[in-house]
Amino acid sequence: MMRSDLLSCIFGVILLLQYFPPCSSAMASGKKGQPLPLIINTWPFINATRVAWNTLNSPGKTVIDAVEKGCQQCEMEQCDGTVGYGGSPDENAETTLDAMIMCGTTMNVGSVGCLRRIKNAISVARFVMERTKHTLLVGELATDFAIFMGFKEESLSTPKSKDIWKKWQENQCQPNFRQDVLPDPSQSCGPYSPAAFIKSGTKTIAQSDNERHPLGIQEQNHDTIGMIAIDEQGHIAAGTSTNGASHKIPGYLPLIRRAKWLAVWICSTLLPLTVYCSCTPLDV
């Protein structure tokens with residue numbers, strides 16, 4: 001999604017907040033009848049909401065600080081196994097992290113993808129936003145950048161993530177994200193090679209005749225934390241952090257798609273006339 005679209009979305013949210021009470025899975029807002037300041041995030045990650053709220057209401061702290069600290073809390077708690085270290089191992093049993101943070105005032109964005117051996121992905125994303133002129137760093141070189149910026153290098157694997165990978169291997173690597181390869185990815189762990197292609201009329205089809213197989217999407221393996229912070233003056237920031245899809249092909253980068261859906265989520269979550277949300281207000 002283009003920055004102009006995001007800017008229009010954010011301005012619309014701020015205007016509509018004057019008239020409609022926002023809601024989400026976890027929420028903390030100001031005094032009764034006053035919707036701002038506001039912390040809102042996906043799923044009932046109450047501790048993340050609380051940390052972000054306390055940060056936003058601390059002297060000298062900003063909406064960017066609140067989003068960073070809130071997402072960071074989920075990274076440390078490994079929320080639902082979809083955020084932070086020790087979750088969603090890839091085909092090689094490695095956990096990698098993706099994160100993105102955005103300032104609604106400047107429209108600047110920072111993000112990291114396939115980040116290896118660094119636990120605080122949201123904080124590295126903030127460093128990309130504030131300490132570089134880029135918006136995205138990926139892979140091993142993103143790790144190098146993080147280490148240069150003072151982040152600690154450590155393994156993201158845990159006994160639990162290793163056990164998840166081991167059971168996946170024992171189940172013939174099902175489900176997985178491969179297609180049009182040999183041997184048949186619905187029955188084998190590979191190693192894979194491209195299937196031969198043949199012409200069939202005007203279509204080109206793979207001789208392996210593989211189909212997209214169901215990936216067993218469940219609440220525990222498809223989501224992550226997305227967070228919005230808005231202060232009393234209407235300044236807004238948003239962020240997301242995830243360990244990606246379980247058993248993904250190493251190198252998979254979901255942030256391009258997440259950039260679009262983060263903007264959509266900012267709008268739809270705050271518009272009760274557009275989408276239904278179940279509210280769990282946080283008692284702060």
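Buried means under 20% relative accessible area, exposed over 50%, and partly exposed in between, with a 1.4 Å probe and protein chains only. Keep that scale at hand for the cysteines on this tour.

This is a predicted model, where local features need pLDDT of at least 70, side-chain atom pairs count only at pLDDT 80 or more, and totals for chains, interfaces and linings use all residues. Residues are numbered from 1 along each chain as its sequence is written, and side-chain values use heavy atoms, with hydrogens and water left out.

**Stop 1: the whole chain**

Show the protein chain as a cartoon. It has 7 helices and 11 strands. Helices (H or I, at least four residues) and strands (E, at least two) are DSSP runs, numbered from the N terminus. Of its 284 residues, 46% count as buried.

The protein chain exposes about 14600 Å², and carbon and sulfur atoms supply 55% of it. Such areas come from the Shrake-Rupley method with a 1.4 Å probe.

**Stop 2: two packed helices**

Select residues 63-77, helix α3, and residues 121-131, helix α4. At what angle do α3 and α4 pack? The angle is about 150 degrees, and the axes lie 8 Å apart. The two helices are therefore roughly antiparallel, a label for angles over 145 degrees.

Next, show side chains. On α3, the contact (heavy atoms within 4.5 Å) is made by Ile-64, Asp-65, Glu-68, Cys-71, Gln-72 and Glu-75. On α4, pick Ala-121, Ile-122, Ser-123, Arg-126, Met-129 and Glu-130. By class, this contact has 5 nonpolar, 2 polar and 5 charged residues.

**Stop 3: the disulfides**

A disulfide here is a pair of cysteine sulfur atoms within 2.5 Å. The count comes to 2.

Select Cys-74 and Cys-79. Their disulfide has an S to S distance of 2.2 Å. It is left-handed, with -90 degrees about the S-S bond. Are these cysteines buried or exposed? Both Cys-74 and Cys-79 are buried.

Move to Cys-173 and Cys-189. Their sulfur atoms are 1.9 Å apart. This link is right-handed, with 105 degrees about the S-S bond. Cys-173 sits in the loop between α6 (159-170) and β6 (181-182), while Cys-189 is in the loop between β6 and β7 (193-194), 16 residues apart. Cys-173 is buried, at 2% relative accessible area. Cys-189 is partly exposed, at 28%.

**Stop 4**

Select Cys-103. At 13% relative accessibility, Cys-103 counts as buried. End at Cys-114, which is buried with a relative accessible area of 12%.

Notes: Axes fitted to C-alpha atoms, helices over the stretch in contact; angles between N-to-C directions. Parallel < 35°, antiparallel > 145°, perpendicular 65-115°, else oblique. Nonpolar A, V, L, I, M, F, W, Y, C, P; charged D, E, K, R; others polar.
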